[in-house]
Amino acid sequence: MGPGQTDGMVKFLADKETDRVLGIHMQGLNKAEHSLINAPKLCERVRTHGYEGLIMNYQGCRFDHTVSQFAKVAEILSAGMPPALRIAYVYDETNLMHAAYITRLMKSAGLNARALGGFEDALAFASGEADDTSQTVKAQGPTKPNLLP
């Protein structure tokens with residue numbers, strides 16, 4: 001979603017006490033031109049705030065990206081995100097290929113990225129409660145890292 005679009009919805013998750021935006025869930029058309037503009041801004045925000053995990057929830061999104069545009073977005077994210085960041089892409093059946101492709105590109109660039117089919121699994125991965133190779137929750141219990149869902 002981007003400026004001037006009227007098809008879709010954006011939900012904001014904010015801290016009740018501080019009004020700090022914790023996450024955004026977009027539904028509707030995600031245009032490549034907006035992804036290319038917003039990817040560097042997202043990288044800057046993650047670096048500025050020191051987030052340890054990032055959940056990118058694309059359930060309900062549609063994409064107009066070409067393969068080369070997905071690759072360019074992955075290149076921007078790979079160059080701009082901190083290497084230790086845990087990136088969880090949440091997908092549904094309509095955008096599984098996007099999630100699989102872009103996470104594969106980011107993993108090949110050295111980032112810790114996973115494509116996951118549910119928000120709970122994404123939260124466990126992004127928070128560090130699940131290890132890098134599976135979605136098995138670690139025994140030490142939940143932690144509260146600095147996350148941007």
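**Exercise 1. Burial in helix H4**

Task: In this predicted model, find which residues of H4 are buried.

Solution. Step 1: Go through H4 and pick out the buried positions: Ala122, Ala124, Phe125, Ala126 and Ser127. Helix H4 covers residues 119–127, and Ser127 is in it. Step 3: Apply the cut-off. Ser127 has a relative accessible area of 6%, and buried means under 20%. Ser127 is therefore buried. A polar atom of the Ser127 side chain lies 2.8 Å from the backbone oxygen of Leu123. Step 5: Recall helix geometry. An α-helix has 3.6 residues a turn, so residues three or four places apart point the same way. Step 6: Step past the helix.

**Exercise 2. The nonpolar cores**

Task: State how many residues the largest nonpolar core has, and which have the most contacts inside it.

Solution. Step 1: The largest nonpolar core has 23 residues. Step 2: Those with the most contacts inside this core are Leu77, Met81, Ile87, Tyr89 and Met106. Step 3: Trace the elements that give two or more residues to this core. They are helix H1 (32–49), strand E3 (53–57), helix H2 (67–80), strand E5 (86–90) and helix H3 (96–108). Step 4: Turn to the second core. It is separate and has seven residues, including Leu116, Ala122, Phe125 and Ala126. Step 5: Go back to Tyr89. Beyond its neighbours within four places in sequence, Tyr89 is in contact with residues including Met56, Tyr58, Leu77, Met106 and Leu116.

**Exercise 3. Aromatic rings**

Task: Decide how the rings of Tyr58 and Tyr89 are arranged: stacked or edge-to-face.

Solution. A pair of aromatic rings is described by the distance of the centres and the angle of the planes. Step 2: Count the aromatic pairs in the model. There are three. Step 3: For Tyr58 and Tyr89, the centres are 5.6 Å apart and the planes are at 20°. Step 4: Planes under 30 degrees apart count as stacked, so this pair is stacked. Step 5: Locate the partners. Tyr58 is in the loop between E3 and strand E4 (61–63), and Tyr89 is in strand E5. The two are 31 residues apart, and the pair links distant parts of the chain. Step 6: Check burial. Both Tyr58 and Tyr89 are buried. Step 7: Widen the view. Ring pairs link Tyr58, Phe63, Phe70 and Tyr89 into a cluster.

**Exercise 4. Cysteines**

Task: Find how many disulfides the structure has, and classify Cys43 and Cys61 as buried or exposed.

Solution. Step 1: Searching the whole structure gives zero disulfides. Step 2: Cys43 has 2% relative accessibility, so Cys43 is buried. Step 3: Cys61 has 1% relative accessibility, so Cys61 is buried.

Methods
Residues numbered from 1 in each chain as written. Predicted model: local features only at pLDDT ≥ 70, side-chain atom pairs only at ≥ 80, totals over all residues. Heavy atoms only, no water. Core = buried A, V, L, I, M, F, W, Y, C linked by side-chain atoms within 4.5 Å. Buried < 20%, exposed > 50% of the residue type's maximum accessible area, 1.4 Å probe, protein only. Helix = DSSP H or I, 4+ residues; strand = E, 2+ residues; numbered from the N terminus. Contact = heavy atoms within 4.5 Å. Polar contact = N/O pair within 3.5 Å; in protein donor to acceptor, adjacent residues only side chain to side chain. Disulfide = S-S within 2.5 Å. Phe/Tyr/Trp six-rings, centres within 6.5 Å; stacked < 30°, edge-to-face > 60°.
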